[in-house]
Amino acid sequence: MEMRSYNRFSTDQEIECAVDGKRGVVKLYNLSCGGCMIETPDEAIDEGTQIRLRLQPKVIVNGRVVWRIEKNAGIKFETPLHQTVVEQFGYVPNSEFDRDDPRDRFGLPLIG
């Protein structure tokens, strides 16, 4: 089993999202220094789409959609967040989540 580049921390909160100048709200399910998983209200965001997420009032991160399964999307950040910033969110690691989310050596999901 391949190891991830960054530890992932589970969460369940709504954050602001901007795509092509349009803003909306998405659900943030997990966060790491290198990216996150979100759930969108619909399936309108495609792989490769550039995205901007406001994690907190002063924490804004740019990234792109690297995978998409129905309303869920994996986001890879352009610039990794510092581990201290991620830890300040108070998330708790959840290894059970990773068990059901197999990835290849590049961190991409293995989709049957």
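Trainee: What makes Arg-23 and Glu-16 a salt bridge?

Mentor: In this predicted model, the closest N and O atoms of Arg-23 and Glu-16 are 3.2 Å apart. The cut-off is 4 Å between a side-chain nitrogen of Lys or Arg and a carboxyl oxygen of Asp or Glu, and the pair therefore counts as a salt bridge.

Trainee: Why is Arg-23 called exposed, and why is Glu-16 called partly exposed?

Mentor: Arg-23 has 63% relative accessibility, and exposed means over 50%. Glu-16 has 28%; buried means under 20%, and partly exposed is the range in between, so Glu-16 is partly exposed.

Trainee: Which residues does the network of salt bridges join, and how do you know that Glu-16 and Arg-54 meet in a salt bridge?

Mentor: The N to O distance between the side chains of Glu-16 and Arg-54 is 3.7 Å, which is within 4 Å. Glu-16 lies in strand E1 and Arg-54 in strand E4, so this pair ties together parts that are 38 residues apart in sequence. Through shared partners, Glu-16, Arg-23 and Arg-54 form one network.

Trainee: How many salt bridges are found in the whole structure, and what ties strand E1 to strand E2 in the case of Asp-12?

Mentor: The search finds 3 salt bridges. One of them joins Asp-12 to Lys-27, with the closest N and O atoms 3.5 Å apart. Because Asp-12 is in strand E1 and Lys-27 in strand E2, the pair links parts that are 15 residues apart in sequence. Asp-12 is exposed, at 56%, whereas Lys-27, at 27%, is partly exposed.

Trainee: Why is Thr-49 called buried?

Mentor: Its relative accessibility is 17%, and the limit for buried is under 20%; Thr-49 therefore counts as buried. Thr-49 is placed in the loop between strand E3 and strand E4.

Trainee: What does the side chain of Thr-49 reach, and with which residues is Thr-49 in contact beyond its sequence neighbours?

Mentor: The side chain reaches the backbone oxygen of Asp-46 at 2.7 Å. Leaving aside neighbours within four places in sequence, Thr-49 contacts Val-19, Gly-63, Arg-64 and Val-65.

Trainee: Are Asp-20 and Glu-70 buried or exposed?

Mentor: Asp-20 has 74% relative accessibility and Glu-70 has 59%. Exposed means over 50%, so both residues are exposed.

How values were computed
Residues are numbered from 1 along each chain as its sequence is written. This is a predicted model: local features need pLDDT of at least 70, side-chain atom pairs count only at pLDDT 80 or more; totals for chains, interfaces and linings use all residues. Side-chain values use heavy atoms; hydrogens and water are left out. Helices (H or I, at least four residues) and strands (E, at least two) are DSSP runs, numbered from the N terminus. Buried means under 20% relative accessible area, exposed over 50%, partly exposed in between (1.4 Å probe, protein chains only). A polar contact is a pair of N or O atoms within 3.5 Å; within protein, one must be able to donate a hydrogen and the other to accept it, and residues adjacent in sequence count only if both atoms are side-chain atoms. Contact means heavy atoms within 4.5 Å.
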